[in-house]
Amino acid sequence: MSATGLSEDMRGRVHAIIAEVLEVESGELTEESSFAEDFEADSILVIEIFSRFERDLGIKIPQEDLTELDDLPAAYALVARHAAAEPAGA
């Protein structure tokens with residue numbers, strides 16, 4: 001487990017989803033990358049990332065958390081927080 005509480009597998013899945021939505025090579029997306037500043041991600045792309053988290057990872061993230069999502073550490077933290085809130089077997 002990493003410091004975010006996510007397994008390396010889950011971190012990889014989060015990273016892959018974001019890279020795919022932003023249409024960048026996985027290696028271009030680093031822990032220091034700003035989705036908005038480095039990849040010109042607008043609110044539509046952020047919503048798509050949230051949608052993919054919900055669909056592909058099976059977690060629900062409140063829309064008010066959209067504003068927190070601008071880099072990988074924030075994405076990992078959001079997924080860890082909301083994945084932990086899911087009831088077992090959900």
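Predicted model: local features only at pLDDT ≥ 70, side-chain atom pairs only at ≥ 80, totals over all residues.

A: Helices here are DSSP runs of H or I with at least four residues, numbered from the N terminus.

The ends of the helix come next. Just after α3, G58 adopts a positive phi of about 70°.

The sides of the helix may now be considered. V46, I49, F50, R52, F53 and L57 are buried in α3. Viewed down the axis of α3, the buried residues lie within an arc of 160°, so they line one face of the helix. Among the elements that cover these buried residues are α1 (8-22), α2 (35-39) and α4 (72-85). On the other side of α3, I44 and R55 are exposed.

Charged residues also deserve attention. Side chains of opposite charge can pair when their charged atoms come close. R52 forms a salt bridge with E20, their closest N and O atoms being 3.2 Å apart. This pair links distant parts of the chain, since E20 belongs to helix α1 and R52 to helix α3, 32 residues apart. R52 counts as buried because its relative accessible area is 9%, under the 20% limit. E20, at 51%, counts as exposed. R55 forms a salt bridge with D56, with the closest N and O atoms 3.1 Å apart. E20, R52, R55 and D56 are linked in a network of salt bridges.

Terms used: Residues numbered from 1 in each chain as written. Heavy atoms only, no water. Buried < 20%, exposed > 50% of the residue type's maximum accessible area, 1.4 Å probe, protein only. Helix = DSSP H or I, 4+ residues; strand = E, 2+ residues; numbered from the N terminus. Arc of directions from axis to C-beta. Contact = heavy atoms within 4.5 Å. Salt bridge = Lys/Arg side-chain N within 4 Å of Asp/Glu carboxyl O.
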